[in-house]
Each structure stands twice: as structure tokens, then as C-alpha cells.
Amino acid sequence: MKTAPLLTISASVSALSLALAAPVYAQQSNSASTEARIQSDDFHGSDDIVVTAPFVERLDILSGTSAISGEVLAEKTRAQLGDILTSLPGVSATSFSPGASRPVLRGYQGNRVAVLTDGIGNIDASNTSADHAVTIDTLTVERIEVLRGPAVLLFGGQAVGGAVNALDKRIPRSIPDEAIHIDALAGYGSAARDWSGGASIDMPITDRVIVHLDGSYRNSDDLRTGGYVLSPNLRAEVLDFAAEETSEGNLEEAAEATELANQRGRIANSAVKTWTAGGGIAFIDDGGNLGLSYSIYDTNYGIPARPGASHAHEGEETTEEAPVTIGLRQYRLDFRGEVNLGDGLFEKLRLRAGYADYTHTEFEGDEIGTIFNSQGIEARAEFVQNDRNGWRGASGVQYQTRDFEAIGAEAFVPPNKTRQYGLFTLQEYTKGNLDAEVAVRFDTAELRADTLGLTRSFNNVSAAFGLGYHIGDLKIGANISRTGRAPAVEELFSNGPHIATQAFEIGDPNLKSERAWNGELYARYDTPGTAFSATLYTNRFDNFIYEAETGNIEDDLPVFQYFQNDAKVWGVEFQASKRLASFGSSNLSVDGVADYTRAKISSGGGNAPRIPPLRLLGGVELTNASFDLRGEVEFSDDQTKTATFETPTDGFTLVNASATWRPFGRDRNIALIASANNIFDVTARRAASFTKDFVPLTGRDFRVTARLSF
């Protein structure tokens with residue numbers, strides 16, 4: 001999907017640009033403490049920093065961007081990408097289990113959110129099902145961005161919710177001044193007895209060639225949660241069953257049900273063990289750069305069981321489920337190249353490609369249930385234009401292919417092949433106080449299931465236009481787009497029991513392309529002591545595709561089926577920060593985030609499923625060059641606007657605190673971080689989660705983290 005230009009800027013400008021893109025509680029004044037808190041490592045020695053960033057960072061990005069890096073990222077790092085980003089406006093998570101959690105943007109999941117590694121897709125299976133892990137190493141990634149607006153068409157017309165891009169250094173972007181440069185992160189979390197550590201080494205072997213090595217390891221026990229494991233509704237059902245069994249004289253069954261209903265503390269079968277290893281090499285000079293990397297991502301994690309889950313394999317009697325675990329491994333090869341083209345129309349030619357071999361095994365106890373194999377390639381070439389009197393842009397071509405097969409008694413998706421091609425251009429023009437941005441993209445996709453004798457082809461044109469106007473430090477603007485998304489393989493061809501989701505999933509091979517009109521109005525204000533942004537957005541879908549529970553039972557599993565109907569979605573996002581006072585080198589600041597999404601299916605279809613409710617987050621922070629102190633409160637409202645057969649979600653309030661100490665000052669890039677999350681040990685559940693009724697969020701969790709760079 002998108003790649004990263006090489007951009008040389010001064011160290012001070014780099015720090016400022018990162019600050020503006022950081023989460024709201026890091027968007028304060030240009031104080032030394034704030035700069036240190038979010039600064040990406042710069043190989044601390046050069047007067048100029050070579051920064052690789054998505055192309056859209058060079059544009060104004062009319063809808064803005066949010067990002068996490070540096071010490072904020074270190075403190076928030078968890079096993080899965082989705083659980084790291086939930087403090088950002090408009091972001092929630094699927095939170096299927098501690099080992100599988102993907103970002104939810106503006107209520108959208110799956111294929112409507114592009115999750116990228118250094119500008120191209122993960123080439124994993126995390127977008128196909130909520131139980132599949134995201135294959136991004138959260139311990140060695142250096143920056144994670146959330147992008148929205150017209151520029152998102154660089155990733156594809158399907159990314160209605162936006163895109164999440166994780167940047168690592170596996171293909172090095174610059175040459176350090178030192179003979180060897182080391183970055184390391186280590187931590188412990190009490191709630192899951194979670195031990196984790198990751199490190200990377202960068203070594204220049206000539207003045208133009210650099211080698212990179214990295215690795216990480218995480219080992220966590222079953223997660224401890226506050227309160228009852230089961231939600232109030234589900235707990236009441238289990239207690240009713242226990243009472244019924246007691247009345248019928250089945251005392252053993254009644255006792256087991258009562259024990260299940262009263263379960264507190266640790267969530268059984270929720271442990272995670274992950275290791276990664278990677279290496280890369282790059283040639284960098286004034287004419288451009290060329291690099292390769294190879295990496296392995298290996299994880300094993302448990303899938304907590306839905307109470308009473310059982311089903312029958314074909315020709316067998318119904319049996320209680322053995323614990324389900326998933327073993328996943330991805331081998332990945334990446335390439336990045338860039339050629340400087342001079343002062344003509346085009347400044348650079350940028351090339352990016354990746355290949356991944358992915359295997360995912362679902363175990364029922366010690367027995368292999370289903371094996372998922374996937375081989376995929378994604379590649380793109382992009383011409384970046386020189387700035388000519390305020391006009392700049394990028395145009396390119398993209399190719400994706402995936403061969404996928406599921407083997408086993410519960411292969412709910414037939415073997416299939418996907419081929420996609422895309423052509424795109426993004427243009428921006430600035431004149432005086434006015435900014436304009438236009439994006440156009442054409443996508444064609446072919447999805448084949450040869451065993452079913454089915455082939456579906458789709459062509460979609462997406463376009464976006466945005467205007468922004470500066471009034472001093474205030475900017476106001478509007479974006480409008482028309483997007484198209486081809487149905488995914490799982491939406492078309494699913495038909496069978498899926499052990500990990502504990503559901504019988506049914507697709508619809510006759511689905512049409514999903515199309516939407518999307519609009520945004522926004523205002524952004526930014527000064528050294530005060531900043532805020534507010535966005536109002538709406539989406540109007542033709543042929544909206546969604547998965548909902550039907551109330552039917554097949555193979556003793558609840559049936560979830562893909563449907564298609566028109567839909568309306570709207571929402572608001574707000575973030576702000578204010579410096580209240582300064583005491584010498586220290587700053588006292590407050591900040592806040594608010595977001596809300598409402599989604600309804602047309603023609604009497606009711607509410608769209610799994611939509612996050614109103615969320616408010618506020619914090620106060622004291623910062624200076626040596627330490628940061630922060631306290632915050634997050635409120636999530638009840639979600640009662642649910643789909644048919646979907647249970648409501650109780651609201652919750654979390655109180656968190658953290659302290660960061662830099663013992664040698666900000667210039668030494670060493671930080672010790674202590675945090676206390678969910679201090680009052682409340683029970684919290686995400687409305688966007690399929691498993692919310694029996695997989696609540698983390699209870700009280702004390703964490704210590706060390707981050708260093710030298």
C-alpha cells in the first residue's frame with residue numbers, strides 16, 4: 001500500500017513534526033520534556049536526521065493524523081497492535097483475546113481498516129477473522145500512525161475507516177555515526193505476569209551500507225481481570241441453567257454451571273507466547289537507497305471458550321470443546337528502493353514489495369483442528385513529484401496476490417486465490433491560505449474458489465476531494481469522497497464451523513461491491529500552549545456488508561451470516577491540550593479526547609453490530625527534562641444500541657497513572673517507566689469485541705518498562 005520517501009530535515013524540525021503527530025497528551029508545547037517523551041531515535045549524533053515517513057506526511061493531510069512513538073509507545077506496548085492505540089481519537093480494538101486484537105477505526109473493522117507495515121500490507125490473515133493475530137512486532141516497532149482523509153486512497157478504496165501504519169527499522173533508513181547502535185525495550189506487567197523484551201542493532205559496514213538485526217520475546221500467563229469473567233447477561237443465563245439443573249436433580253451439572261458463573265480473576269486459556277527475529281541490509285547514498293529484510297513472527301495464544309461451547313464434527317456426536325489454542329508463524333521478505341530523479345517533474349521513484357508465507361494452526365487440545373496456509377505478495381511503485389509553486393503529489397501502481405487454503409474438518413473457507421491491481425494518484429495544491437487535495441484510485445479484483453467453481457470479479461473507482469483554509473493558527477476544512485470496496489473472500493465463500501470464533505459462519509457468493517459517500521468537516525487549532533482538533537464525519541453506504549448473528553444453530557454453534565444492505569454512519573472526534581502553567585523547566589498541562597460513532601442499517605435493518613459507544617478521556621501531566629508524571633481517567637458509556645441478538649455492553653471508568661524518569665537527561669535516550677492501569681480494578685468490556693461477554697479487559701495492572709538507545 002503506501003511506501004516511504006527519504007526526507008532529510010533538521011533535527012529541530014523533525015522533533016516538531018513528530019510532536020504534532022503524537023497523541024493528544026503529547027501535543028503540548030515545545031518543551032524539552034515533551035520532545036524527549038516522543039522523540040524517535042535519531043542515532044544521536046548527526047546534525048541532520050534522515051527520516052523515512054509515509055508520503056502523506058509530506059502533504060498537509062487535510063484530515064490530520066495521530067501517532068504514537070518514543071516513550072509513549074514504550075509505556076503502551078502490548079502483545080497486539082489494537083490494544084496499543086485505544087487512547088487515540090476514534091480508535092477502539094477488537095480485543096478478541098490478549099493474543100488477537102486489531103484496531104477499530106470509527107467503528108470499522110476488518111477489510112475497512114488498512115493495517116500496514118512500513119507502507120504495505122501485513123500480508124497476514126488478521127483482516128479475515130477477529131481471532132487471527134496481527135503479525136506486527138510491537139516490541140521493536142518505532143512509530144505507529146493512524147491516518148484518515150483523502151490521502152488514505154493511497155492504500156485502497158476499501159480503507160473507509162482509515163489506515164494504521166507501523167514503522168520499523170528492519171530495512172535501515174539512515175546510517176548511524178556510531179560503530180554500533182543499540183535500541184532496547186524490556187518490561188513486566190502484573191495482570192498477566194507478562195515478561196517482554198526486544199532489541200535491535202544497527203551496524204554500518206561501510207560509509208554507505210548498514211546492517212540491522214532485531215529480535216523480541218514475550219511470555220504472558222492467563223490474564224487477570226476485575227470482577228466476574230462473564231458479563232451480567234451471560235452470567236444470568238448460566239445461573240438460570242444451574243437452577244434448572246438443580247430442579248431436575250442434576251447436581252453435578254448445576255455445580256459446574258454455578259462455578260462457571262461465579263468465576264473471577266484470571267481468564268482461562270488466555271496466555272500468549274511470542275517471539276520474533278529479523279534482519280536487514282540497506283545501501284544509502286545521495287542518489288537513493290536500496291534495502292532488503294527477512295523476518296519471522298511466531299506466536300502461540302489461547303482462545304478463551306464461550307460458556308457451553310460444543311459442536312459435532314461431521315458424523316460424530318456433540319462433544320464439549322477442548323481448549324482451543326492457535327499456533328501462528330509468518331516468514332516475510334521485504335524490499336524497499338528509492339531513486340532520486342532530480343529537478344524535473346518527478347523527484348523520486350519509490351519501490352516497495354513484500355512476500356509472506358503464513359501458517360496458522362488451530363488446535364483442539366492436543367489435536368490439530370484446522371490449518372490455514374497463505375502465501376501473499378504485495379508490491380507498489382510510486383512516482384513522487386517535485387514541489388512546483390505549491391503543487392505536489394504522487395502517482396503509482398499497486399499489485400496484491402494471495403493464495404489461501406484451509407485444511408481440516410472445520411475448514412470454513414474453501415481454497416481460494418485473490419488477485420488485485422490498483423492505479424492511484426494523489427495531488428495537493430497550496431496557494432496562500434488555501435489547501436486543496438484530490439485523490440483518484442482504480443481497483444480491480446478477482447477472487448476464485450475453484451473447488452466451488454466460482455470466480456467473482458470487481459472493478460471500483462474511488463475519488464476524494466478536500467479543501468482547507470488557514471485563519472491564523474486555526475484551520476477549517478471539508479473532505480468528500482466516493483469509495484468502493486470489493487467483498488472479501490470470507491464474506492463471499494465462508495460456509496462452515498470455525499473453531500476459534502466458536503461460530504458457524506456463512507458467506508454470500510452473490511455479494512456486490514460496497515460503495516460509500518463519505519464526508520468530513522473539521523477544525524484544527526495549534527499554538528505552542530494550546531491545541532485542539534474536532535471532526536464531524538458521515539458515511540452513506542450502498543450495499544454495506546456486515547456479519548450478524550441470526551439466532552440459528554448449526555452443528556451446535558451459533559450461526560453468523562454475512563448480509564448486505566444500505567447503511568448510514570456518522571460520528572464525531574475531538575482532542576485538545578492546554579498548557580496551564582510553567583515552573584522553570586517544568587510544564588503542567590491538561591488534555592482530552594472524545595469520540596462517538598452511530599451506525600444503522602437501512603430498510604429496518606436496525607443497528608450495525610459491534611459499534612463502540614461514546615468515549616471520554618482526560619488527563620493531567622507534569623513534564624520536564626528529567627521526569628514526567630501523568631494521571632488520566634477514561635469513561636466509556638453503555639452501548640445499548642445493539643444489533644439483533646447482540647448483547648448490550650455496560651459502561652466503565654478506568655483510572656490510570658504513569659511516571660517516567662530519565663536518569664541522565666533527555667539527551668541520553670534512557671527512560672524508566674512505571675504505570676498503574678485500571679487502578680480501581682473495574683470490569684471493562686469493549687463493545688466492538690465478538691468475545692466481550694466472556695473476555696473482559698485487563699484488571700488492575702502494574703507495569704515497569706525500561707527503554708534505552710545508545
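A: Start at Phe532, which counts as partly exposed at 30% relative accessibility. Keep in mind that this is a predicted model.

Q: Which residue does Phe532 form an aromatic pair with?
A: With Tyr525. The two rings are stacked, 5.8 Å centre to centre, with 25 degrees between the planes.

Q: And is Tyr525 buried or partly exposed?
A: Tyr525 is partly exposed, with a relative accessible area of 27%.

Q: How many aromatic pairs does a search of the whole structure find?
A: It finds 13. One of the pairs is Phe372 with Phe412. Their ring centres are 6.0 Å apart and their planes meet at 65 degrees, so this pair is edge-to-face.

Q: Why edge-to-face?
A: Because the planes are at 65 degrees, and over 60 counts as edge-to-face.

Q: Where in the chain are Phe372 and Phe412?
A: In distant parts, 40 residues apart. Phe372 is in strand β21, residues 367-385. Phe412 is in the loop between β22 (391-408) and β23 (416-431).

Q: Phe372: buried or exposed?
A: Buried, at a relative accessible area of 1%. Phe412 is buried too, at 3%.

Q: Which residues do ring pairs link into a cluster?
A: Tyr108, Phe541, Phe544, Tyr546 and Phe563.

Q: New topic, charges. What sits over the ring of Tyr228?
A: The charged end of Arg235, 3.8 Å from the ring centre. Arg264 also lies over the face of Tyr228, at 4.6 Å from the ring centre.

Q: On to strands. In what order do the five strands of the open sheet come?
A: The order is β3-β8-β9-β6-β7, and the pairing is mixed. β3 (65-69) and β7 (120-121) stand at the edges. Each has a single partner strand, so one side of each is left without a neighbour in the sheet.

Q: How many bridges join β6 to β7?
A: Two, and these strands run antiparallel. Strand β6 covers residues 113-117. Thr117 stands opposite Ile120 in β7.

Q: Now the backbone. What is the phi of Asn269?
A: It is positive, about 60 degrees, although Asn269 is not a glycine. Most residues other than glycine have a negative phi.

Q: Where is Asn269 found?
A: In the loop between β14 (264-266) and β15 (272-285). Asn269 counts as partly exposed, at 22% relative accessibility.

Q: What about the phi of Asp681?
A: Asp681 has a positive phi near 55 degrees, and it is a residue other than glycine. Its place is in the loop between β37 (670-677) and β38 (701-709).

Key
Residues numbered from 1 in each chain as written. Predicted model: local features only at pLDDT ≥ 70, side-chain atom pairs only at ≥ 80, totals over all residues. Heavy atoms only, no water. Pairing = 2+ DSSP bridges. Helix = DSSP H or I, 4+ residues; strand = E, 2+ residues; numbered from the N terminus. Phe/Tyr/Trp six-rings, centres within 6.5 Å; stacked < 30°, edge-to-face > 60°. Buried < 20%, exposed > 50% of the residue type's maximum accessible area, 1.4 Å probe, protein only. Lys NZ or Arg CZ within 6 Å of the ring centre and 35° of its normal.
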